[in-house]
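Visitor: I have not looked at this structure before. Could you take me through how to read it?

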Amino acid sequence: MVFDSDNILEIKEKIKKLFSKEKSVMQKYNLIQAYVQFKVRKLFLYNYPIRLTIDPCNYCNLHCTMCPTGTNAKGRKQSFMSFDTFKKIIDECGPFLWEIYLYNWGEPLLNKDIFKMVRYARQMRIDVTVSTNLNHFNDNICNNLIKSGLNKLIISLYGASQESVEKYQEGNNLELVIKNVKQIVYMKEKLKSNSPFIQWRFMVNKYNEDEIEKAKELSKRLKIDKLELGFFRCDMAKEVFLNSEAQYENVKAWLPNNEKLSMYDYSQKRKKNNKNVCRLLWFESVIQPDGSISPCCAVWTEKFDFGNISHSSFRQIWNNKIYQSARRINRGDNFSFNEHICYICKLNNAQI
């Protein structure tokens, strides 16, 4: 979860692109249609999502403390997404999509087809973002990061010293990441490329909050385009099942001393802002490596998935009974769906 100013900038960027030639008429129409149907809280949607999170794999080379992949949590089979599965998704949804987040539970660069996926999506004017810990890296990966047309590269690095980085991201190597960033920047300059935009994701916790200024200096020295400071989250496999107070208890050992750098109210021992409506069900969807579809990136357990792209079209799943029930729950209809993941989330006011 990033600071509010980043979300505002994202909205402004979409408005700018709405009046540019960068996106197709169909993509623009789909965006407008999505906003209209969200406004009236339609259950059956005629629009496709404007964004998909597509996870290339849920394997990772690090062991992050609050990540179910890093802790080997049970609940979802590990797999790599095949290019055929990715192609099926893009062939159907691509003409309408604005962007793809090509990451979720794992390290995307471990998938051998990752840049083939990027290229295929970019052919349809879809903005593509990849988030990586940048520990799995070589010359071929470096060249492809630039030549594939990737729009944004997020480097997940929680600290500006080896001690703070490894406190949470066990197995991460700061010096290796710095070396690899330098190589990417060098190749961008050599090839005279403006992309990918390089963003350092620095999630603030009590072990790295005193390194923010150091991170700013390092970011500038490395010619990173943006240092993104974000709020630290609780255990991502449990998040939806915890209310505000329980989330605070789960993560309090990691929270920064400066409350302004946290999403929690320390005196109330709960989240500062609680949302009443989840917008994701009208605008976004998440596709796991095996093709199964989840309502959001916080759903770890596969038993709560809404369908699988291998057995149905995306549109069929997007408007099936489970998805429509989720929208019904989130618009506040007087129905009880005790076993529905969106009911559990809304009951706990757990929206991220």
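Guide: What follows goes from the overall fold to single residues. Keep in mind that this is a predicted model.

Visitor: Let us begin with the whole. How many helices and strands does the protein have?

Guide: The secondary structure comes to 13 helices and 13 strands. The radius of gyration is 20 Å, close to the 20 Å that the globule rule gives for 352 residues, so the protein is as compact as a globular protein of that length. Along the principal axes, the C-alpha atoms fill a box of roughly 55 × 50 × 40 Å.

Visitor: What share of the residues counts as buried?

Guide: A residue is called buried when its relative accessible area is under 20%. Of the 352 residues here, 56% count as buried. The accessible surface comes to about 16400 Å², and 52% of that belongs to carbon and sulfur atoms.

Visitor: How do I read the contacts along the sequence?

Guide: Take the contacts between residues at least 6 apart in sequence; 70% of them join residues at least 24 apart.

Visitor: Next, the charges. How many positive and negative side chains are there?

Guide: There are 54 positive and 38 negative side chains, and the centres of the two sets lie 6 Å apart.

Visitor: How many salt bridges does the structure hold?

Guide: To find one, look for a side-chain nitrogen of Lys or Arg within 4 Å of a carboxyl oxygen of Asp or Glu. The structure holds 17 salt bridges. One of them pairs Arg201 with Glu228, with the closest N and O atoms 3.0 Å apart.

Visitor: Which parts does the pair of Arg201 and Glu228 tie together?

Guide: Arg201 belongs to strand β7 (residues 197–204) and Glu228 to strand β8 (residues 226–231), so the bridge ties together parts that are 27 residues apart in sequence. Arg201 is buried at 18% relative accessible area, and Glu228 is buried too, at 1%.

Visitor: Where do Lys216 and Glu213 lie?

Guide: They are three residues apart in helix α8 (residues 212–221), a separation of about one helical turn. Lys216 is partly exposed, with a relative accessible area of 42%.

Visitor: And which elements hold Glu245 and Arg270?

Guide: First the bridge itself: the side chains of Glu245 and Arg270 meet at 2.4 Å, N to O. Glu245 is in helix α9 (residues 244–251) and Arg270 in strand β10 (residues 270–271), so this pair ties together parts that are 25 residues apart in sequence. Glu245 is partly exposed, at 34% relative accessible area, and Arg270 is partly exposed at 25%. Elsewhere, salt bridges that share partners join Lys23, Arg122 and Asp127 into one network.

Visitor: Now a single residue. Is Asn111 buried or exposed?

Guide: Asn111 is buried, with a relative accessible area of 3%. Its place is the loop between β3 (99–101) and α4 (114–122). Leaving out residues up to four places away in sequence, Asn111 touches Pro56, Phe80, Met81 and Met117. Ser156 is 45 residues from Asn111 in sequence, and their C-alpha atoms are 17 Å apart in space.

Visitor: Which residues of α4 are buried?

Guide: In α4, Ile114, Phe115, Met117, Val118, Tyr120 and Ala121 are buried. The buried residues of this helix pack against α3 (83–93), β3, β4 (127–132) and α5 (139–147).

Visitor: What about the backbone? Is the peptide bond from Ser195 to Pro196 cis or trans?

Guide: The bond from Ser195 to Pro196 is cis, with omega near 0°. Pro196 sits in the loop between α7 (174–190) and β7.

Visitor: What phi does Arg41 have?

Guide: Arg41 has a positive phi of about 55°, although Arg41 is not a glycine. The residue lies in the loop between α2 (25–39) and β1 (51–54). Arg41 is partly exposed, with a relative accessible area of 22%.

Visitor: Where is Lys269 found?

Guide: Lys269 is in the loop between β9 (264–265) and β10. Lys269 also has a positive phi of about 55° without being a glycine. At 45% relative accessibility, Lys269 counts as partly exposed.

Conventions: Residues are numbered from 1 along each chain as its sequence is written. This is a predicted model: local features need pLDDT of at least 70, side-chain atom pairs count only at pLDDT 80 or more; totals for chains, interfaces and linings use all residues. Side-chain values use heavy atoms; hydrogens and water are left out. Helices (H or I, at least four residues) and strands (E, at least two) are DSSP runs, numbered from the N terminus. Buried means under 20% relative accessible area, exposed over 50%, partly exposed in between (1.4 Å probe, protein chains only). The radius of gyration is taken over C-alpha atoms; the globule rule is 2.2 Å times the number of residues to the power 0.38. Contact means heavy atoms within 4.5 Å. Accessible areas come from the Shrake-Rupley method with a 1.4 Å probe; for residues, only the protein chains shown count as cover. Lys and Arg count as positive and Asp and Glu as negative; His and the chain ends are not counted. The place of a charge is taken as NZ of Lys, CZ of Arg, CG of Asp or CD of Glu.
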